[in-house]
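Please read it beside the sequence and the model.

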Amino acid sequence: MLDSVHGKIELTEAILLRNDWEFGHRYGNVVTSTFRFGISGKIEGYTYKEEITWFIRDGIVGICQANGNLIWQSDDVFYDKRERICITLRTPGNSNSEFILMESLERSMALESKSIDSLGAANFLFPKDLQVTPTRFRRILLVGSCLTALYHEQLSQRAPDIIFDYLVFNFAGSLPENPPASPDEYDFQYVQIPLRSILSDRIIWASSFNEPGFAERILVDGRGIIDVMLASAMQYNVAHGILTFVSNFFVPQMPVAPSLALRNTPVDLAFIVRHLNDYISELVSKYKNAYLLDVNALADSIGKRYLLDDQIYFHSHAAIHFQENIDRNNERVPRIDLIPPIDTFYESKRDDFITAVYDQMTAAYRTINQIDQVKAVIFDLDNTLWRGQLAEHYRPGLESWPNTDGWPLGIWEAIHHLRARGILVALCSKNDHKVVEELWANVVRPEFLSLNDFVSVKINWQPKAENIQAIIQEFNIKPRSVVFVDDNPVERASVKAALPEIRVIGANPYLTRRILLWAPETQLAFLTNESIKRETMVRSQIVREETRSTMTRDQFLATLQCSVTLLPITSTGQAEFGRALELINKTNQFNTTGRRWTHNEIAQFLTEGGEILAFSVADKFSEYGLVGILLLEGAAIVQYVMSCRVLGMEVEEFVLARAVDMLRAKDGAVMVAASLNETSDNIACRELYAKCGFTMIENNNGTRLYRLEAGREPKRPMHIHAKE
């Protein structure tokens with residue numbers, strides 16, 4: 001969780017969000033003990049004209065005034081004697097002004113008592129340890145029954161700077177033609193179809209389940225009603241492309257069958273609901289820009305006994321348990337035995353559940369929009385992949401070796417799941433490479449993991465920061481896309497100092513697997529062929545670069561046998577569209593504008609006459625898959641994005657020439673326009689247009705406009721051929 005070296009702590013957004021803070025003069029009075037960093041970027045729990053908004057960047061916290069001016073900036077972070085995190089604040093330009101933030105006393109007491117629930121349900125399920133960029137929402141549409149009404153009530157109170165619109169939805173056809181606001185104002189909509197509408201009240205007469213065919217009719221009818229209700233609920237998604245999350249249904253806590261022998265059979269209502277969950281998941285997958293969110297899994301993890309109302313209400317109500325006011329007022333309806341408050345006999349974790357629902361939405365949104373996406377994870381060896389030190393604890397002749405049950409096995413399996421998602425894995429360890437090879441089989445038992453499973457292996461005595469920098473260069477990615485896992489706080493700190501944007505974890509091995517597998521930054525919205533093949537392609541790329549170093553540039557290109565396949569994408573339903581959107585939203589170095597596009601925005605671009613020209617590349621080393629796209633509109637190149645794995649092969653020049661051919665095939669040898677916006681990362685493509693024969697006609701603070709005059713031919717590399 002917290003990585004500290006000599007009292008220093010690496011601040012993350014997760015640390016800031018997790019509790020209240022005391023705020024006041026460093027050596028004076030406390031101004032407030034309810035200072036909160038709100039999820040919307042606003043300061044909450046404390047009202048003053050100066051401290052309005054906040055941000056965190058590279059471990060530095062900034063607090064701003066209403067006009068955006070920086071009023072406070074973090075200066076030092078440390079633990080006090082009660083193990084509270086303390087953050088000193090200074091006003092820029094005024095070294096005499098010093099305030100301090102300290103974790104609330106309540107939080108400190110929780111640490112002292114070693115609360116086993118210190119993670120919180122939501123942070124447990126959706127780890128924030130890899131989060132760098134805050135998630136900012138403007139407006140969210142909630143569509144559903146009384147359960148969604150509760151979400152609306154609670155979330156509106158917790159995040160007052162986000163607009164939550166709510167539409168009651170109990171029956172098909174009950175939604176207005178248009179949402180309350182313009183569709184493009186919504187970050188997403190969340191749809192909850194009521195289970196009661198699906199099952200109908202027929203199920204209350206439980207003896208009906210003893211009748212032949214009754215349970216089967218309930219299931220068949222339920223599927224049919226889901227068809228109709230989901231189609232109705234998805235009308236804004238279909239009409240406007242709004243990103244949509246659909247929740248599934250709560251499965252009853254216990255089997256609902258007439259006998260033990262009939263549990264988990266078609267007459268068990270729990271069986272029916274599980275099958276309806278499978279069915280709605282299948283249906284949602286057929287819609288564009290829509291995803292199922294498993295709310296039932298949230299309830300299972302938190303504990304349905306703490307929230308679901310099926311021990312009080314009928315099974316299909318499927319909501320949060322509560323107590324009617326009339327039962328609290330024993331004077332109005334007298335009873336011999338008074339009804340005590342519900343929380344004295346049914347503990348409630350309603351608030352934890354609602355937080356988890358919101359964090360589930362947020363996590364899915366971050367994954368879909370590839371916010372802070374992890375592209376590679378680099379692991380240390382000793383006390384990170386196994387217990388103890390390989391060279392000391394696993395030598396033949398020792399009485400016993402540390403066992404590998406528990407967290408080591410979990411991390412080994414996690415590595416394979418990362419690989420399945422297209423995340424590259426590498427090793428960086430201060431060790432003797434030959435010793436590691438010789439003793440590997442002694443520790444990795446069963447043989448679930450081998451050195452060959454890692455794309456890059458750096459086992460030597462060089463500084464880890466140097467080795468990690470070399471791995472990053474081999475992978476052709478940025479440090480901010482990398483996570484380094486190491487048990488040693490000094491090594492984590494030194495790597496972080498050399499590569500400030502890298503993310504480091506590993507202090508507690510019991511947390512590592514959950515963070516790597518469950519954090520939204522390591523998830524994929526969809527698995528593309530390129531994701532599946534990424535490891536193989538990068539291995540081939542490393543071999544390609546080794547070959548390049550033995551030849552002149554011309555010799556290398558001449559023997560490369562490079563081919564390019566052009567592929568126009570005309571709709572969001574095309575199979576290649578997902579990969580195209582992924583490229584736009586995760587490519588930084590070769591991205592001529594740096595713009596990110598939502599699904600809805602690019603769908604509108606295509607509808608209004610824009611075109612997407614995608615291309616895949618192959619050479620004698622590998623097939624690299626779909627690696628680039630151009631957005632074209634009229635006779636203009638709006639944006640050009642390409643994976644860096646094919647840089648240096650002149651592919652970008654060849655494709656640009658073919659794009660010009662395509663534009664001129666429609667309207668003759670017309671002038672072709674292009675634009676380029678300089679970003680902090682896109683140095684790799686800044687000279688592309690000039691190199692290919694375009695003339696720069698304007699440069700306004702890094703925004704460049706180019707044109708290729710009518711009749712003028714662009715540069716066209718001859719060592720590449722087009723493959724039909």
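Contact here means heavy atoms within 4.5 Å. The model is predicted, so to speak of local features requires pLDDT of at least 70, side-chain atom pairs count only at pLDDT 80 or more, and totals for chains, interfaces and linings use all residues. Residues are numbered from 1 along each chain as its sequence is written, and side-chain values use heavy atoms, with hydrogens and water left out.

**Overall architecture**
- The protein has 23 helices and 28 strands, where helices (H or I, at least four residues) and strands (E, at least two) are DSSP runs numbered from the N terminus.
- Its radius of gyration, taken over C-alpha atoms, is 29 Å, close to the 27 Å from the globule rule for 724 residues, so the protein is as compact as a globular protein of that length; the rule is 2.2 Å times the number of residues to the power 0.38.
- Of the contacts with a separation of 6 or more, 67% join residues 24 or more positions apart.

**Burial**
- Buried residues make up 52% of the 724 residues, with buried meaning under 20% relative accessible area, exposed over 50% and partly exposed in between (1.4 Å probe, protein chains only).

**Site around Q574**
- Q574 sits in the loop between strand 21 (562–569) and helix 20 (577–586), and is buried, with a relative accessible area of 19%.
- Apart from neighbours within four places in sequence, Q574 is in contact with L567, P568 and I569.

**Site around Y313**
- Y313 belongs to the loop between helix 9 (295–302) and helix 10 (325–328), and is partly exposed at a relative accessible area of 37%.
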